[in-house]
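Please have a look at the chain below before reading on.

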Amino acid sequence: MKVKARILDFFILLIFAAAVAFSAVRIFGGKSTKSTLIVQTRTDKYAYSLDKELHLEFEGLIGKSHIAVSNGEAWFEDSPCENKICVESGKINGPNQWAACLPNGIIIYIEGEAEKEEVDVIAN
């Protein structure tokens with residue numbers, strides 16, 4: 001018994017292959033979303049690209065805070081606060097991450113869309 005393929009069979013196969021290819025790109029292809037560093041002081045809000053190497057200085061409530069940006073990460077290099085918790089908090093590099101020098105009234109955070117849903121420690 002011979003089975004002959006008809007033109008409609010090829011059309012259905014083509015649609016199926018296109019759907020598989022589209023799904024693979026959506027699942028495994030990385031999004032090219034750009035994240036932005038936001039620096040918020042008591043009076044102003046500033047936006048910077050994480051793609052550039054920057055050394056920023058902001059006047060806060062008790063003095064100047066120094067913020068560095070390099071390789072897609074941002075962090076407090078120095079701040080006039082007593083305990084330096086903001087400096088010890090380390091680098092931020094992904095959307096919705098933040099660091100703050102509360103005594104000096106300066107907050108840094110990253111805006112953007114996460115590339116993939118990440119599972120945090122609590123969910124494990």
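This is a predicted model: local features need pLDDT of at least 70, side-chain atom pairs count only at pLDDT 80 or more; totals for chains, interfaces and linings use all residues.

Residues are numbered from 1 along each chain as its sequence is written, and side-chain values use heavy atoms, with hydrogens and water left out. The chain has two helices and seven strands, where helices (H or I, at least four residues) and strands (E, at least two) are DSSP runs numbered from the N terminus.

**Overall fold**

- Reading from the N terminus, the order of elements is α-β-β-β-β-β-α-β-β.
- Of the 124 residues in the chain, 24% are buried; buried means under 20% relative accessible area, exposed means over 50%, and partly exposed lies in between, using a 1.4 Å probe and protein chains only.
- Among contacts in the chain with a separation of 6 or more, 35% join residues 24 or more positions apart; a contact means heavy atoms within 4.5 Å.

**The four-stranded sheet**

- Four strands make an open sheet in the order β2-β1-β7-β6, with antiparallel pairing; two strands pair if DSSP finds at least two bridges between them.
- The edges are taken by β2 and β6 (98–101), each with a single partner strand, so one side of each has no neighbour in the sheet.
- On average, neighbouring strands of this sheet are turned by 20° against each other, direction ignored; the axes are lines fitted to C-alpha atoms, for helices over the stretch in contact, and angles run from 0 to 180 degrees between N-to-C directions.
- Five bridges join β1 (residues 36–40) and β7 (residues 106–111) in the antiparallel sense.
- Within β7, Ile-107 is the residue that Gln-40 stands opposite.

**The β3–β4 hairpin**

- β3 pairs with β4 (residues 64–70) over six bridges, in the antiparallel sense.
- Four residues lie between β3 and β4 in this hairpin, and Gly-63 in the turn has a positive phi of about 155°.
- Glu-59 faces Lys-64 in β4, standing opposite it.

**Aromatic rings**

- There are two aromatic pairs in the structure; rings of Phe, Tyr and Trp (its six-membered ring) pair if their centres lie within 6.5 Å, with planes under 30 degrees apart counted as stacked, over 60 as edge-to-face and the rest as tilted.
- Phe-58 is buried at 7% relative accessibility, while Tyr-46 is partly exposed at 31%.
- The rings of Tyr-48 and Phe-58 are edge-to-face, because their centres are 6.3 Å apart and their planes stand at 70°.
- Tyr-48 is in β2 and Phe-58 in β3, so that pair ties together parts ten residues apart in sequence.
- Tyr-48 is partly exposed, at 22% relative accessibility.
- Through these ring pairs, Tyr-46, Tyr-48 and Phe-58 are linked into a cluster.
- Elsewhere, the charged end of Lys-91 sits over the ring of Trp-75, 4.4 Å from its centre; a charge sits over a ring if NZ of Lys or CZ of Arg is within 6 Å of the ring centre and within 35 degrees of the ring normal.

**Ser-79, a buried loop residue**

- Ser-79 lies in the loop between β5 (73–78) and α2 (85–88).
- Ser-79 counts as buried because its relative accessibility is 1%.
- Leaving aside neighbours within four places in sequence, the contacts of Ser-79 include Lys-64, Cys-86, Cys-101 and Asn-104.

**Lys-34, an exposed loop residue**

- Lys-34 is placed in the loop between α1 (7–28) and β1.
- With 61% relative accessibility, Lys-34 counts as exposed.
- Not counting residues up to four places away in sequence, Lys-34 touches Asp-51, Glu-111 and Gly-112.
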